[in-house]
Amino acid sequence: MSVAHADDADDYSRPTGETYHAEKALPSGDFYTGQWRDSLPHGHGKYLWTDGCMYVGEWHRGKTMGKGRFSWPSGATYEGDFKNGYMDGKGTYIDSSGDLYRGSWVMNLRHGQGTKSYVNGDCYDGEWRRGLQDGHGRYQWKNENHYIGQWKNGTMNGNGTMIWSNGNRYDGSWEDSAPKGNGTFRWSDGSFYVGVWSKDPEEQNGTYYPTTSTGNFEWQPQQVFCVDLSECVVCTCQRIPVLPSQKMPVWYGSSEQSSSGNRTKSSGSSERPRRRSVDGRVSNGEMELRNNGSGYLQVDDTESNRSSPLRPLRIQPAKKQGQTISKGHKNYDLMLNLQLGIRHSVGRPAPATSLDLKASAFDPKEKLWTKFPSEGSKYTPPHQSVEFKWKDYCPVVFRTLRKLFNVDAADYMLSICGNDALRELSSPGKSGSFFYLTNDDGYMIKTMKKAETKVLIRMLPAYYNHVRACENTLVTKFFGLHCVKLTGTAQKKVRFVIMGNLFCTGHSIHRRFDLKGSSHGRLTTKPESEIDPNTTLKDLDLNFIFRLQKNWFQEFCRQVDKDCEFLEQERIMDYSLLVGLHFREASKDSATPTSGARTPTGNPDSGNPRLSRADMDRFLLDASKLASIKLGINMPARVERTMRRSDCENQLVGEPTGEFYDVILYFGVIDILQDYDISKKLEHAYKSMQYDPTSISAVDPKQYSRRFKDFIFKIFAEDT
């Protein structure tokens, strides 16, 4: 990283805002020539680094912004759009080997529609995602073999067609660039083979149909893998050695601190810059984020807070939520029952299931009862808990859902039924349900009312079809629906559902919001001193706008529309968007976050441990990190602080302030089992007489969906 000292006396002799031509020979040996304004490149200019890299194009306040050309000493070039130092927009990249990509970019990554021409004669034309072929695309080899279909993470994956130059073709399912699942192989003479395909010969199963009685009956399907596909290897993209954003210099101008630690003369203003903490509190002095020695992350002001009555931000270390259910706890036996039942349900031998389920699998009468006597039985082990009966609702459906969500059965059992106890959250939810978390935070278990159970079973066919069709759905993931019935005089029934925990992450969640788009009762009643990272804030507490990269924002809008349409059709209301924020500036290196829920703290002598642009590039280009980024999960983004007007008490969305913070976002739609039943209709009628009907949660599903989307599309925006 080069540091350019733009403190030439000529800068101070010119009026603020005037653009002029300048030539800057920098102490590092770098050189800039071009338009200059307020001690920063602004307009058109050229920057030459000592290692031979060069940028020629448009600048905006010291950053490459607009049209430009970046060249590397290896001979590689990029020409196209830049944004904040990144290759972002439309552009053409030619690497040193001669491979050429022309298409869309997002933050240095091929993302969107694009064409890649390889120097060996191969060509790919289609969709890209985070630097790899992903979506629908066409790949043609130099020998004229070609594949048209779905891609995922750079491999042929999904439904697709491979056509060979000799006229043979395969139509069907693919996985990891090979046929997998149902498919048909056709020869140019009209004969064909139909069946289930797999690289494992034992899983291969199908029928050969020759055109004549003299067909090739000795042909084996495995020849497709070892012969026909042997030359159909997809070329990989050469990695960009040094990213333009990693080369952007840090400009020290008139309003910022120079490398020597002295503050240079201000151009046109003597006012000290205002800085804000991550929750928006203001100070006129310099701030740095550091560990204050008491276990807090505190934003300290080097000047006294006499000029501001606002207190500095304190982010307490996040502790694991809930109380461990140990022996003696009132729900200890219930936890043992639950763990025994799950182990029995998941471990029970079952035939392999297809994703195409029969209607009978969703029948509300599809239940399986198992008795668990204390002394054990032919099918159940002895245990120390009281005798109980266990019920599985629609077991085939939930087993298939776990398969659809890529949940490994062994990991699932280990997480819920391992040696570690569950944790009970401190208080029941508004519905009266209790929540339990697995020790690894992977799964959340919620007790259910009978009415909620009926709603889930009723909507299960539509839910299954929705999550199967929408890979990026934001709605809650359900993994199992069960019931424990205690025997004896009590005859107590406890129904519960197992769900994915949205905040199962190595990143600390510093702020969490439950957002509905209504205002009545949507303000946290806790005093500020008691608000910690585990406090769930509400609509009227929200003071941020969430800004997503263009492609992610477009996908987000599409998915919210689909999810809300599904919930509206199922007559569901009162759901909300749960959002968790991890502030990068509160973590010394979020590229390698600490495990657990503890808030990472930086070295007190290291200053502000904000993630650098180079770290951001490494994070975005790390293959393991890319694989973990999905819509609503582990998403790098920015938030802009907002401020509500003092004269508008119930203003849902505040005014943007221009203060931005780098974050990692987690979000999803929760509480999707509230039917608009008679009780909700009565609640709506009663509250409408006391409050503004548009401000209350209990409204018709169609109105709720429309209001929810209107609100969500105001607080989420494209990052420009």
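Is Lys180 buried, partly exposed or exposed? Lys180 is partly exposed, because its relative accessible area is 30%. Buried here means under 20% relative accessible area, exposed means over 50%, and partly exposed lies in between (1.4 Å probe, protein chains only). Accessible areas come from the Shrake-Rupley method with a 1.4 Å probe, and for residues only the protein chains shown count as cover.

The model is predicted: local features need pLDDT of at least 70, side-chain atom pairs count only at pLDDT 80 or more, and totals for chains, interfaces and linings use all residues. Residues are numbered from 1 along each chain as its sequence is written, and side-chain values use heavy atoms, with hydrogens and water left out.

Salt bridges come next. A salt bridge is a side-chain nitrogen of Lys or Arg within 4 Å of a carboxyl oxygen of Asp or Glu. The structure holds 18 salt bridges. In one of them, the side chain of Lys180 meets that of Glu203, at 3.1 Å from N to O. This pair links distant parts of the chain, 23 residues apart. Lys180 belongs to strand 16 (residues 178-186). Glu203 sits in the loop between strand 17 (192-197) and strand 18 (205-209). Helices (H or I, at least four residues) and strands (E, at least two) are DSSP runs, numbered from the N terminus. Glu203 counts as partly exposed, because its relative accessibility is 42%.

Arg423 forms a salt bridge with Asp441, and their closest N and O atoms are 2.7 Å apart. This pair also links distant parts of the chain, 18 residues apart. Arg423 lies in strand 28 (residues 423-424). Asp441 lies in the loop between strand 29 (435-437) and strand 30 (443-448). Arg423 counts as buried, because its relative accessibility is 4%. Asp441 is buried as well, with a relative accessible area of 15%.

A salt bridge also joins the side chains of Lys709 and Asp561, at 3.5 Å from N to O. The two residues are 148 residues apart and link distant parts of the chain. Lys709 is in helix 12 (residues 701-715), and Asp561 is in helix 8 (residues 550-569). Lys709 is partly exposed, with a relative accessible area of 22%. Asp561 counts as partly exposed at 34% relative accessibility. Elsewhere, salt bridges link Arg169, Asp171 and Arg186 in a network.

Charge also gathers on the surface. Lys367, Lys450, Lys454 and Lys493 form a patch of positive charge there. Patches are made of residues with over 30% relative accessible area and no salt bridge; like charges are joined within 9 Å, and nonpolar side chains (Val, Leu, Ile, Met, Phe, Trp, Tyr) within 5 Å. Lys and Arg count as positive and Asp and Glu as negative, while His and the chain ends are not counted. The place of a charge is taken as NZ of Lys, CZ of Arg, CG of Asp or CD of Glu. Lys493 lies in strand 32 (residues 493-500). Lys493 counts as partly exposed, because its relative accessibility is 38%.

Strand pairing was examined in turn. Two strands pair if DSSP finds at least two bridges between them. Strand 3 (residues 31-37) and strand 4 (residues 40-48) run antiparallel and are joined by 6 bridges. Trp36 has Pro41 in strand 4 as its bridge partner. The hairpin of these strands has 2 residues between them, and Asp38 takes a positive phi near 50 degrees. Strand 4 also pairs with strand 5 (residues 54-60), in the antiparallel sense over 6 bridges. Gly43 stands opposite Trp59 in strand 5. This second hairpin has 5 residues between the strands, and Gly52 takes a positive phi near 100 degrees.

Strand 36 (residues 576-583) runs antiparallel to strand 38 (residues 655-670), with 8 bridges between them. Leu581 stands opposite Leu665, and Gly580 has Tyr666 as its bridge partner. Strand 37 (residues 635-643) is antiparallel to strand 38 too, again through 8 bridges. There, Arg638 stands opposite Asp662.

His582 is found in strand 36. His582 counts as buried, because its relative accessibility is 1%. Its C-alpha atom is separated by 6.6 Å from that of His507, 75 residues apart along the chain.
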